[in-house]
Amino acid sequence: MGMAHPRGRGEAPAEEPIPVVLAGARGHGRWHLDNIRRLAAEGTVRLAGVCELRPLTRKELGDGLGAPEQSGDLAGLVARTGARIAVICTPIHTHADLALAAAERGAHLLLEKPPTPSYAEFARMSEGLRGYGTACQIGFQSHGSHALPAIRNLVADGRIGAIRGIGAAGAWVRDEDYYARAPWAGRRALDGRDVVDGVLTNPLAHAVATALHLAGADRAEDVAGIELELYRANAIESDDTSCVRIRTSRGTTVAAAVTLCAEEPGEPYVVVHGDRGRITFWYKLDRVRVERDGAPPETTDHARTDLLDNLVSHLRDGTELLAPPDRTGAFMRVVEAVRTAPAPVPLPADAWRTEPGAGVTSRAANRRVVTGIDRLVTAGAERLALYSELRAPWAARPAEVPHP
């Protein structure tokens, strides 16, 4: 959201830790708690408050964070603690209201992805944050990878020739009890509110957003068309095995094939296809492999800038944000397409099997495995193709989603 100088409660001296509150400290929020602990040890931030309906125990809080105030009321917590940053890692459908409540009381934001479950909510939130002068970072951690500018430079230098398209592949596993961890998990809606907790929009959202980022097509206006295929093997409302193909306003094709029902889980990646080579980016590992015609492959590992650290730098010296809301607008077009699409197609019983869980959530739980899905995910990213075009026996190609 291109802001020149964000509003705050006075700019803190560089040596003074910035007070932070964390909303949602369990589940994935534990990662944020540990990250705040790391930055607190460096003197960058201090944890002023934790917003949870049930306060953290001393054991859950751990060492190195002092005794932050705990409350179930984020707005009141921000006001009382004078927090300048709120990290929000709560259920998807609560993001917009909590973000605006924290912003109204002077806090800047690190907001987990997806930012909201609908484009209308995204627009409402973005407009409100602009009005408050709030700096907001969306939690696409891959956007902090130093591999991204390195890849862009390789493409600009013509190292792999003209770009044919960008593919993304994600083959993960989630046990059946992954969907029982919270009332909103695996839901399209809850109590009349959109949730849209599907594989494209939440667990493997990074694959979609990173591919759009590398295409230089991450703003809402960069999307010219979207094709979707949504399926599910699990007994849930949302999709767990899906693909999307996006046509950008520049004419670039971006395609992603993803699943939470993999035969053998692997590292998700984005691949940039050129007419004289390819660049593969394993975004969780910050690893890049360049393959060019007539040359041996080159593999490099890259550093990463933490998004909360980047937000602190933005508040202190105006460093550009790595993942502001307007740079996630194209991803939100995909979220909206998933939200408004027909319900995911349940896969026939002969398309999947049950195996012992992988221990992601509980070693006692089973998981559902879609036969042949690993090959289809790889082929989708390689050929920029939908599952139906790859002749998956259970796939029927739907019509293109109308452009909003």
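Here is a walk through this predicted model, from an annotated domain to its cores and aromatic pairs.

Let's start with the annotation. An unreviewed UniProt entry lists residues 20-140 as "domain: Gfo/Idh/MocA-like oxidoreductase N-terminal". That span is 40% helix and 21% strand, and its end C-alpha atoms sit 19 Å apart.

Now zoom in on helix H4, residues 95-104, which is mostly covered, with 7 of its 10 residues buried. Those are His95, Ala96, Ala99, Leu100, Ala101, Ala102 and Ala103. They pack against helices H3 (74-81) and H5 (119-132), plus strands E4 (85-88) and E5 (108-111). After H4 comes Gly106, with a positive phi near 100°.

On to the cores. In soluble globular proteins, nonpolar side chains tend to be buried together. Here the largest nonpolar core has 74 residues, and Leu228, Ile246 and Phe331 touch the most other members. Leaving aside residues up to four places away in sequence, Phe331 touches Pro114, Phe140, Leu200 and Leu212, among others. There's also a second, separate core of 24 residues, including Val271 and Leu386.

What about the aromatics? The whole structure holds 7 aromatic pairs. Tyr178 and Tyr179 are edge-to-face, because their planes meet at 80°, with ring centres 5.0 Å apart. Tyr269 and Trp282 make a tilted pair, 6.5 Å centre to centre with 55° between the planes. Since Tyr269 is in strand E13 and Trp282 in strand E14, this pair ties together parts that are 13 residues apart in sequence. Tyr269 is buried at 17% relative accessible area, and Trp282 also counts as buried, at 18%.

Finally, look for arginines over rings: Arg333 lies over the face of Tyr119, 4.0 Å from the ring centre, and Arg181 lies over Trp184 at 5.1 Å.

Definitions and conventions:
Residues are numbered from 1 along each chain as its sequence is written. This is a predicted model: local features need pLDDT of at least 70, side-chain atom pairs count only at pLDDT 80 or more; totals for chains, interfaces and linings use all residues. Side-chain values use heavy atoms; hydrogens and water are left out. UniProt positions are given in the numbering used here, feature names are shortened, and annotations may be inferred rather than shown by experiment. Helices (H or I, at least four residues) and strands (E, at least two) are DSSP runs, numbered from the N terminus. Buried means under 20% relative accessible area, exposed over 50%, partly exposed in between (1.4 Å probe, protein chains only). Contact means heavy atoms within 4.5 Å. A nonpolar core is a set of buried Ala, Val, Leu, Ile, Met, Phe, Trp, Tyr and Cys residues joined through side-chain atoms within 4.5 Å. Rings of Phe, Tyr and Trp (its six-membered ring) pair if their centres lie within 6.5 Å; planes under 30 degrees apart count as stacked, over 60 as edge-to-face and the rest as tilted. A charge sits over a ring if NZ of Lys or CZ of Arg is within 6 Å of the ring centre and within 35 degrees of the ring normal.
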